[in-house]
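Please read this briefing alongside the sequence and the coordinates of the model. The points are grouped by topic.

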Amino acid sequence: MSSASLYAPFVTAGEGGKNRLVLSIEGVHCPACIQKIESAIVTEPDVTEARLNYTTKRLNIIWNGAADRADGFIARINGLGYKARPFEAAKAEATDSEYAKFLRLCLGVSGFASGNIMLLSFALWMTTTQQMGIMTRELFHLISALIAVPTVFFSGRPFFRSAYAVLSKGRTNMDVPISLGILLATGMSLFEMFRGAEHVFFDSAVMLIFFLLIGRYLDFLALANARRAAGDLVSMMSGTATVLEGDIQRPVLIRDLREGMVVLVGVGERIPADATVIDGASDIDTSPVTGESLPVHVKVGEALYSGTINMAAPLKIRILRAAENSLLADVIRMMEKAEQGQAKYVRIADRAARMYTPVVHVLAASTFVYWLLLAHLPWEQALMIAVTVLIITCPCALGLAVPVVQMLAVGRLMKKGVMVKTGDALERLSGIDTVMLDKTGTLTVGEPRLLDNAAGTGLKLAASLAAHSKHPLSRAIVHAYEGQLFPLSVNEVQGHGLESVHEGKRVRLGSRAWCGDTSAPDSADTLELWLDVEGAAPIRFGFADPLRADTQSVIGSLKANGFRIVLASGDRESAVREVASKLGIAEWHAGMKPANKFALLDTLKGQGRKVLMVGDGLNDAPVLAGAYVSASPASGLDIARNAADLVYTGDKFAPVLLAHKVAKFSQRLVVQNFALAILYNVFAVPMAMAGYVTPLVAAIAMSSSSVIVIANAFRLRTIL
Amino acid sequence: MSVLIYMIPLALLIGIGWLCAFLWSIRGGQYEDMEGAANRILLDDENPPEN
């Protein structure tokens, strides 16, 4: 074994000879873990800081000394029963946290400014010019301006940037009227201030920014958290593989594997990259990739796909493609094609903005024309009234209508184990009419369980043998048996099964051909193991991949919702037919390759169907990427989780149903909120057009409409 | 009214003081782990910090 440090490349050097390592820790579930992990590391010599972020489950270690101590820290944490791996911020995530900081900063500054301007505004609202005196009023206006103008340019940036970005593409969104309202309110107020007029709207402009930033920040926070949680689920690329160079074994990070390297894959390990077998023979669990529930036997020269699991014996393999190019090139190609083909979904808020913006701007313009040409007001006054129309319609409530609902829905769903990864996923989910399902790992548990239970010593003996193997059927036997095991010394016989001696007799657990009753009715379709005790009739153990506990009821509810349900599985026809008939799904397809599934999705899309895809395997990934909206269990392959819009944890299927219910209700609340915002405008706009709106009226209208919309959004709690 | 000459700058100064405190807390990463901060208060100090 070479002693080179494996994790040293992840260490970043800081000032003063200090080294820094960020680890992502799996298994942190309670606050006590914080202390356990931190104190374990802090007590190591020369460590100056060890701090675990409980929200992100990341440990930050800073120490004086060599970079290769990283390996020791990781081993120490793993020794505590957690799983630590070096964390490298994905690009998207680094941008996320930068943007969060930016929003917080803007929010804080606008909060400070609106508080201080309000302090002055109250004096202005509550007194008359006679009581206060012209000079004092103008001083107040000047101070307000000194606070407001820098704030608008500092804290308004999130809106200005977004408005500029869409305008330069010739489109519009909610940020366009917001930006225009803010800028006009500020500019006009500056002008009025220099003119010595009575009313300025600095308070409205800053308050608007403050309220809208709250919405923006909450919205962002909820999604960033969910995205991070989904990204943190174990990644295939994060582990190490044992590379053989001559006789020397050397651990290498999976992402550093290159074509032609020879890798030793132990029992129970994942195949790190696409490869061919060069030595040994074993059973491979291909269910993550193909959905096939039976392990496949492989020999020298056969191809292996990355992500499959070596079940029976150590293998020597030669890497065919570096890990990042592995994973079935055509699947990735299909996913890219699917993502490109995905029509750009226009969120309801942007659709509202498209209708809203022209209406408001036409109203403001006609107000200006009316007062200038028909009422013969001086142009400054006419313009001021037109600007108050823009300020009063500036969509405070409209800007909060979606984010508050979204934030509540995403936050609540996350507590229930559903992570919403994309901003418009819930909106899209509320509009589905077809559900396309994968079988293995989605409807079913994804691993075999003992079915025909042979009672008595048969099971005990079988479990005693099976405990020595990582084969999924062996594990199922051990899982089914509770109690003491016989102490046996077991040989694993390649490709056949397990053999031992018990009470002087040879016992075998394995395939039908090796120890079974060859005369028994052949059932190639079911999973089975045979226990053969010398001199006795062999005992059969049957297995099946059972449905998740609540699959039946969830499918029933989905049907009750009137959805068309399509089952598309890569598994054998008999297995799929059985599940389909048990669940009463009329439309089912077996033996589906990734390309078949994708073609099926295209057919459904061609019929104008809005498809929710639920799947967990590599063969589902293109469909997950191309479907109207998609969900994947957290136990799925990371390529499937990355492609999906929603990721749900736990061993139940119900989260999918819950997410749909929440999406439906959220959408209703959003529409209600829009209705409330429009209702508010129906009353406020005529007042503004008539010229009755003062800064006080604007402030009251803005706050009260926002509060109403937020209160309505909180009704989401009634169903969660 | 002349008291305003003192009161307004004073109010602004206090406000700016809080703003600076806020900026400082952002820079120190105090908002990065709200959940952890809420839980840490319940933990006993097993290894009191040396500095």
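The notes below cover confidence, domains, strand pairing, helices, backbone angles and the contact between the chains.

This is a predicted model, in which local features need pLDDT of at least 70 and side-chain atom pairs count only at pLDDT 80 or more, whereas totals for chains, interfaces and linings use all residues. Residues are numbered from 1 along each chain as its sequence is written, while chains are lettered from A and ligands numbered from 1 in the order in which they are written. The model scores ipTM 0.80 and pTM 0.72.

**Confidence**

- Chain A has a mean pLDDT of 80, with 88% of its residues at 70 or more, where pLDDT is the predictor's confidence in each residue, from 0 to 100.
- Within chain A, confidence is lowest in helix α10 (residues 329-341), at a mean of 61, and highest in strand β25 (residues 611-614), at 92; helices (H or I, at least four residues) and strands (E, at least two) are DSSP runs, numbered from the N terminus.
- For chain B the average pLDDT is 79, and 84% of the residues score at least 70.

**Domains of chain A**

- The assignment for chain A gives domain 1 (1-88), domain 2 (258-321), domain 3 (410-446 + 548-663) and domain 4 (449-544), with bounds that come from an automatic or database domain assignment.
- Taken over C-alpha atoms, the centres of domain 2 of chain A and domain 3 of chain A are separated by 28 Å.

**Strand pairing in chain A**

- Six strands of chain A form an open sheet with antiparallel pairing, in the order β7-β6-β8-β14-β9-β12, where two strands pair if DSSP finds at least two bridges between them.
- The edges of this sheet are β7 (248-253) and β12 (303-304) of chain A, each of which pairs on one side only.
- Strand β6 (residues 240-245) of chain A runs antiparallel to β7(A) and is joined to it by six bridges, and A:Thr242 stands opposite A:Pro251 in β7(A).
- The hairpin of β6(A) and β7(A) has two residues between the strands, and A:Gly246 takes a positive phi near 65° in it.
- Strands β9 (residues 275-279) and β14 (residues 315-319) of chain A pair in the antiparallel sense over four bridges, and A:Thr276 stands opposite A:Arg318 in β14(A).
- Another antiparallel pair, strand β3 (residues 47-53) and strand β4 (residues 58-64) of chain A, is joined by six bridges, with A:Arg58 in β4(A) as the bridge partner of A:Asn53.
- β3(A) and β4(A) form a hairpin with four residues between them, and A:Lys57 in the turn has a positive phi of about 60°.

- Helix α6 (residues 157-167) of chain A has A:Pro158, A:Phe159 and A:Ala163 buried; a residue is buried if 20 or more other C-beta atoms lie within 10 Å of its own, exposed if 12 or fewer, and partly exposed in between, with C-beta atoms placed from the backbone.
- These residues lie on the same side of α6(A) because they cover an arc of only 120° around the axis, the arc being that of the directions from the helix axis to the C-beta atoms.
- The exposed residues A:Arg161 and A:Ala165 are carried on the face of α6(A) turned away from its buried side.
- A:Ser581 has its place in helix α20 (residues 573-583) of chain A and counts as exposed because it has 11 C-beta neighbours inside 10 Å.
- A:Ser581 and A:Gly483 are 98 residues apart in sequence and 36 Å apart in space, C-alpha to C-alpha.

- Most residues other than glycine have a negative phi.
- A:His376 is not a glycine, yet has a positive phi of about 55°; A:His376 lies in the loop between α11 (348-374) and α12 (379-393) of chain A, and counts as exposed with 8 C-beta neighbours inside 10 Å.
- A:Glu503, in the loop between β19 (497-502) and β20 (505-510) of chain A, has a positive phi near 50° and counts as exposed with 9 C-beta neighbours inside 10 Å.

**Chain B and its contact with chain A**

- Chain B has two helices and zero strands, and 2% of its 51 residues count as buried.
- In the contact between the chains, 21 residues of chain A meet 22 residues of chain B, two residues being in contact if their C-beta atoms, placed from the backbone, lie within 7 Å.
- On the side of chain A that touches chain B, the elements that give two or more residues are α1 (31-42), α3 (91-126) and α5 (134-155) of chain A, and the largest share, nine residues, comes from α3(A).
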